[in-house]
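Before reading on, take a moment to look at the sequence and the model side by side. The report below starts with the whole chain and then turns to a few of its parts.

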Amino acid sequence: MSDDTDIGVGDALQPGTPGEAIAPFGSHPDAADTGLEEIEDQLAAEDAAERREHDADAAEHANDAHEDPLAQFPVPVLAEKPPSQWRYRRAFHMGEALVALWRSWQIIWGLAVRQLRTTYSQQVFGLAWTVLTPVAQMVIFTFLLHRATRGTSKQLIQTGGVPLAVWMYVGLLIWGFYSSAVSSAGNSLVGNPLLNKVYAPREVFPIAQVATSGFDAVVSAIILPILLLITHEGLTWSTAWASALPILMITLYATAISLVVSAITVYARDLRSGLPILMSLGMFMPGILYPVTTFWTSVKIQSIYAVIFPAGALSDSIRKAWLQGVMPHGQPFWIATVASCVYLAICYSAFKRMETGFADVS
């Protein structure tokens with residue numbers, strides 16, 4: 001007889017045996033002990049507790065919103081740029097601006113060297129063009145003046161015994177530096193790809209152009225001793241030192257005008273087309289090609305002119321120091337010196353106030 005026991009369909013298995021009864025499909029495993037109704041009541045109670053907790057959190061956030069006075073206002077939208085009426089009302093400290101400018105002298109040096117390399121890199125004559133320009137102008141003006149006074153003993157320009165060619169060359173040399181500095185600085189900010197890439201004060205760009213024009217003027221001045229040797233005129237160290245102060249002042253004045261012109265050109269592009277015309281006409285201002293005394297003999301009028309246009313009185317002083325050995329003196333010269341310093345402070349302040357919109361407009 002076999003040990004296996006046959007179990008019938010209707011036989012009920014005893015609990016704990018291998019053939020223990022299995023709960024019907026779809027029922028809870030613990031239905032035999034707790035019952036389906038109790039489980040459903042427990043789940044419903046848990047859902048109700050979660051809903052009450054969620055409602056409590058929502059009510060707490062609502063109370064916090066009512067307590068916050070800023071919650072009733074909409075989120076502010078920031079403008080892309082400041083209003084136009086605030087554009088020129090930037091507050092700045094002159095001392096901090098000058099310190100930042102002084103720390104950026106290496107950038108000025110790098111920009112000046114870069115400009116010189118770009119200008120003379122692919123030219124056959126190179127720096128010779130810097131000398132040929134004032135020499136050609138000197139020859140033309142000297143020829144025209146000699147033709148105008150031929151057959152007469154009257155001189156249109158009183159040079160004090162100095163040859164007319166040398167007199168004209170010094171005036172053209174000084175004006176060439178001034179006009180080149182202002183013209184090149186006027187276009188230094190418009191369309192400049194480095195304006196928003198170099199972390200430095202914006203004034204380094206026009207100042208670098210002034211430094212470049214100063215280098216060209218020094219190169220052009222090399223021919224002056226040759227002219228003095230040809231005309232048998234003397235140039236001593238004392239006359240060179242006598243011209244140091246007026247040269248410094250005209251450099252400061254050129255820097256001042258360059259700063260304000262470069263700032264205005266960013267907002268008024270028409271100035272780029274007008275600058276060459278203004279520089280061409282400025283060459284014939286009193287004190288550039290001829291002395292200021294040719295127009296006015298009154299010291300009062302000369303002083304007023306020195307306030308309006310210091311370059312005329314300063315150019316006169318440089319020419320007298322180089323060619324006649326006369327130390328700078330007189331009321332017009334000192335007024336022009338003070339006016340140059342005042343113009344530099346005013347123009348630098350105006351430049352810094354207009355600086356806020358350079359990145360958006362240029």
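This is a predicted model: local features need pLDDT of at least 70, side-chain atom pairs count only at pLDDT 80 or more; totals for chains, interfaces and linings use all residues.

Of the 362 residues in the protein chain, 36% are buried, and among the contacts with a separation of 6 or more, 80% are accounted for by residues 24 or more positions apart.

Helix α3, which covers residues 105-120, has 16 residues and reaches 23 Å from its first C-alpha to its last, which is close to the 22 Å expected at 1.5 Å a residue. Within α3, the residues I108, L111, A112, L116 and Y120 are buried. Because these residues cover an arc of only 145 degrees around the axis, they lie on the same side of α3. An α-helix has 3.6 residues a turn, so residues three or four places apart point the same way. On the face of α3 turned away from the buried side, one finds the exposed residues Q106, R117 and T118.

The loop between α2 and α3 holds S104. Is S104 buried or exposed? Since buried means under 20% relative accessible area, S104 counts as buried because its relative accessibility is 7%. Leaving aside its neighbours within four places in sequence, S104 is in contact with A200, P201 and V204.

**How α6 packs against α9**

Two packed helices are described by the angle between their axes and the distance between the axes. In the case of α6 and helix α9, the latter being residues 244-267, the packing angle is about 135 degrees and the axes are 9 Å apart. The two helices α6 and α9 are therefore oblique to each other, and the crossing in which α6 passes α9 is right-handed. Which residues meet where these helices pack? From α6 come P206, I207 and V210, and they meet T255, S258, L259 and S262 in α9.

Technical notes. Residues are numbered from 1 along each chain as its sequence is written. Side-chain values use heavy atoms; hydrogens and water are left out. Helices (H or I, at least four residues) and strands (E, at least two) are DSSP runs, numbered from the N terminus. The expected span of a helix is 1.5 Å times one less than its number of residues. Buried means under 20% relative accessible area, exposed over 50%, partly exposed in between (1.4 Å probe, protein chains only). The arc is that of the directions from the helix axis to the C-beta atoms. Axes are lines fitted to C-alpha atoms, for helices over the stretch in contact, and angles run from 0 to 180 degrees between N-to-C directions. Angles under 35 degrees count as roughly parallel, over 145 as roughly antiparallel, 65 to 115 as roughly perpendicular and the rest as oblique. A crossing is left-handed if the near helix is turned anticlockwise from the far one by less than a right angle, and right-handed if clockwise. Contact means heavy atoms within 4.5 Å.
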